[in-house]
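Here's a quick briefing to read alongside the model.

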Amino acid sequence: MGGGPGGLYAALSLKRRDPRREITVWERHPPGETFGFGVVLSDQAMDGIEDADPVVHRALTRSAVRWDDIDVVHRGHTLTSGGHGFTAVGRHRLLEILHGRCADLRIPLRFRTPAPPAAALARSHDLVIAADGAHSPTRQAHADVFAPQVTDHRCRYIWLSADLAFDAFRFEIAETPHGVMQLHGYPYSRTRSTVIVEMRDEVWRAAGFDRLPVAAGVERCARVFADALRGRPLLANRSSAWSVFRTVVNGRWSHGRTVLLGDAAHTAHFSIGSGTRLAVEDAVALAGAVGAVGARGTVQDAVRAYEDGRRPQIASAQRAAAASLRWFEELGRWTGQPPRQFAFNLLTRSRRVTRDNLRLRDAAFTSAVERDFGCPPGTPPMFTPFRLRGLTLRNRIVVSPMDMYTAVDGLPGDFHLVHLGARALGGAGLVMTEMVTVSPGARITPGCTGLYTDAQAGAWRRITAFVHERAPGTAIGVQLGHSGAKGGTKPMWEGMDDPLPGPEGDRWPLVAASPLPYRPGVSRTPRELDRAGLGAVRADFAAAARRAADAGFDLLELHCAHGYLLSGFLSPLTNRRTDAYGGPLEGRLRFPLEVFDTVRAIWPDDRPMTVRISATDWADGGTTADDAVGIARAFAAHGADAIDVSTGQVVPHERPEFGRSYQTPYADRIRHDLGVAVIAVGAISSWDDVNSLLLAGRADLCALGRPHLYDPHWTLHAAAEQEYAGPGVIWPLPYRAGSRRPPTGRAGG
């Protein structure tokens with residue numbers, strides 16, 4: 001059902017594998033009618049087509065154009081990055097090739113003929129493939145089974161063509177009186193290019209496109225991008241219309257004998273490549289799954305295998321597409337970057353392309369970006385220094401705060417000395433403690449550390465002295481916090497957020513912004529802090545800050561994230577107060593800012609203070625990205641030297657959008673909107689990710705947790721793997737014999 005490239009390729013792939021199969025293609029449009037103008041196919045996609053059908057591959061190769069460069073044009077600068085490898089073909093030509101191949105294989109194509117409903121076809125066919133597009137009638141008819149989620153986005157775009165061939169994949173930015181507009185263009189023949197014009201909906205309306213006929217709007221777009229088009233007009237076809245991109249996700253892709261394919265099953269924004277490519281890859285995978293089950297399997301076995309194998313690949317593509325789409329939605333935020341950094345930011349926007357990828361493709365371009373960043377020759381970005389107030393960090397790596405739950409009566413012991421000492425020896429610029437609590441009742445678990453006694457301060461002094469003496473150049477920071485409603489729980493490995501049982505849990509003095517249990521029906525209900533209680537908490541933070549300064553910590557971070565006490569004041573989901581400490585954001589900020597001011601007044605002036613926040617609650621009605629900017633602005637105005645930008649863990653019903661470096665867009669926005677230093681955290685796992693985030697201007701420091709649990713010497717090993725031996729990382733003298741990567745095999749006998 002659907003005679004686009006995905007449906008056609010599914011038909012011919014199935015027929016090629018078994019000529020006895022009887023296959024019919026239904027297409028409601030005439031043979032030459034199609035959406036868009038050209039199709040981009042990556043080298044990987046072309047390799048897959050060659051394996052699946054050499055005849056189609058040869059025809060495509062003869063008809064297609066190929067190029068390697070991407071041009072980014074912004075504010076009069078054209079930045080070119082090479083080595084990318086693209087192939088494109090006209091959509092009409094692609095359909096002609098597939099129509100011809102279907103004719104060779106005797107597959108009937110029923111044009112101008114709407115397909116019968118899938119349920120009716122399933123009664124007379126073994127398999128029904130619904131390749132009927134992003135607005136799939138099949139998906140809509142069986143929405144109760146497929147469980148589609150369709151999200152409309154914030155930009156308007158239109159597919160057009162130009163009678164000239166760009167010599168690269170071209171991204172051109174136009175800053176107009178109405179706002180930022182962008183052109184995505186690529187050649188699809190020796191004389192023609194696809195041109196997509198895109199802009200935010202409010203820009204589209206401000207420019208008057210909503211009031212213009214399509215033809216007049218196309219003429220206006222041609223004037224905006226006249227230089228790129230060399231004065232040529234833009235051309236439309238019957239399908240050219242202003243659209244809003246819709247992301248389609250389905251809970252399942254099959255229903256009995258019916259299976260969704262291509263845009264009917266999933267969509268991914270055009271900025272990461274062609275939806276046609278994904279549909280063709282679906283077709284190859286489905287044909288392979290049908291062939292693999294053989295005579296002993298069923299159609300249901302085949303479609304289940306197809307979905308199980310293909311869904312993770314599509315989920316990855318959609319995560320990358322979502323990151324790319326959001327980057328273009330927020331394009332105006334980055335236009336003030338220096339030209340090369342802007343181009344690098346654009347090229348790495350999906351987080352799939354990294355600094356190392358680009359270095360392999362175009363070393364000269366990447367080296368120029370690094371020079372602009374300030375990297376000395378041979379120095380990766382992560383090993384450049386960074387200054388916070390009177391503290392200069394020798395590199396950009398932070399060991400993220402990680403609760404160990406191994407203290408006794410709040411005292412850090414030998415475990416903490418070894419844990420933090422090992423990571424300090426491991427080369428990071430800054431090592432952070434776990435959340436160190438300010439009173440016995442502020443602990444999350446009985447195993448949490450504190451700074452509410454002089455004995456605890458002495459134990460911490462032993463650790464800071466070790467770091468300063470044995471790992472010179474590594475700074476150690478303390479994170480001060482209060483558990484709030486999330487206190488009085490078991491250690492993580494005994495039950496995440498499970499309350500302590502019996503009298504011990506009943507005696508735990510839980511307090512919070514509002515009397516709301518963290519897990520309704522499971523957690524105990526905290527007491528709402530009154531003014532006396534607020535004053536007592538401020539005094540606890542003040543005393544802990546004095547002890548932290550005396551203990552020799554180089555930096556202090558105030559924990560205002562993850563649903564703990566101060567975070568509980570910031571989120572509207574956990575702060576239901578009606579006094580001056582609740583209500584709008586200004587009120588919700590009041591107590592966390594009072595605590596910050598109290599601590600800042602005590603903390604030595606030359607030592608920096610940072611604040612960790614949850615930039616979104618990942619839940620309806622919670623903290624938004626706009627709120628996060630407001631929170632960061634307030635703390636920066638009160639003297640915070642950097643904002644440590646995390647997300648979530650505020651309410652148990654959160655729905656995070658996990659993925660590679662998934663929290664960094666929030667840090668990126670705060671950095672660019674406010675000009676304040678930020679620490680990025682969350683699913684940053686490789687030194688390549690770190691270098692990419694820094695070069696793109698998305699972060700100033702990168703905090704890594706789990707990678708440092710896996711490898712305490714993660715930073716040293718990152719230096720060895722990049723063959724770096726400069727001042728940005730120092731191997732301890734006893735370890736220097738291991739400062740090169742060991743050989744992985746043995747030569748000789």
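Strand 20, helix 17 (residues 454-470) and strand 21 build a right-handed β-α-β unit; right-handed here means that, with the strands pointing away from the viewer, the path from the first strand over the helix to the second runs clockwise. Helices (H or I, at least four residues) and strands (E, at least two) are DSSP runs, numbered from the N terminus. This is a predicted model, in which local features need pLDDT of at least 70 and side-chain atom pairs count only at pLDDT 80 or more, while totals for chains, interfaces and linings use all residues. Residues are numbered from 1 along each chain as its sequence is written, and side-chain values use heavy atoms, with hydrogens and water left out.

**Around strand 21**

- Seven of the seven residues of strand 21 (residues 475-481) are buried, so the strand is largely enclosed by the rest of the structure. Buried means under 20% relative accessible area, exposed over 50%, and partly exposed in between (1.4 Å probe, protein chains only).
- In a regular strand the side chains alternate between the two faces of the sheet.
- Strand 21 is covered on both faces, with A475, G477, Q479 and G481 buried on one side and I476, V478 and L480 buried on the other.
- Strand 20 (residues 430-437) runs parallel to strand 21, and six bridges join them; two strands count as paired if DSSP finds at least two bridges between them. Look for L430 opposite A475.
- Strand 24 (residues 555-560) also pairs with strand 21 in the parallel sense, over four bridges, and there E557 is the bridge partner of Q479.

**Cores**

- The largest nonpolar core has 89 residues, and L451 and F635 touch the most other members. A nonpolar core is a set of buried Ala, Val, Leu, Ile, Met, Phe, Trp, Tyr and Cys residues joined through side-chain atoms within 4.5 Å.
- Leaving out residues up to four places away in sequence, F635 touches C560, L589, P592, L593, F596, V611, A640 and I643 (contact means heavy atoms within 4.5 Å).
- Another core, of 51 residues, lies apart from it, and its members include L8, A10, M46 and A64.

**Cysteines**

- There are zero disulfides in the structure, a disulfide being a pair of cysteine sulfur atoms within 2.5 Å.
- C448 is in no disulfide, and the nearest cysteine sulfur, that of C560, is 17 Å away.
- C448 is buried, at a relative accessible area of 0%, and C102 is buried with a value of 0% too.

**The 2-6-3 sheet**

- Three strands in the order 2-6-3 make an open sheet with antiparallel pairing.
- Strand 2 (38-42) and strand 3 (65-67) are at the edges with a single partner strand each, so one side of each has no neighbour in the sheet. From one strand to the next, the twist averages 25 degrees.
- Five bridges hold strand 2 and strand 6 (residues 86-90) in an antiparallel pair, with S42 opposite F86.
- Helix 4 (residues 91-104) packs on this sheet, touching strand 2 and strand 6, and makes about 80 degrees with the direction of strand 6. Axes are lines fitted to C-alpha atoms, for helices over the stretch in contact, and angles run from 0 to 180 degrees between N-to-C directions.
- Helix 2 (residues 43-52) lies across strand 2, strand 3 and strand 6, at about 85 degrees to strand 2.

**The 8-16-15 sheet**

- Another open sheet has three strands in the order 8-16-15, with mixed pairing.
- Its edge strands, strand 8 (128-130) and strand 15 (254-255), each pair on one side only.
- Strand 15 and strand 16 (residues 258-260) run antiparallel, joined by two bridges, and H255 is opposite T258.
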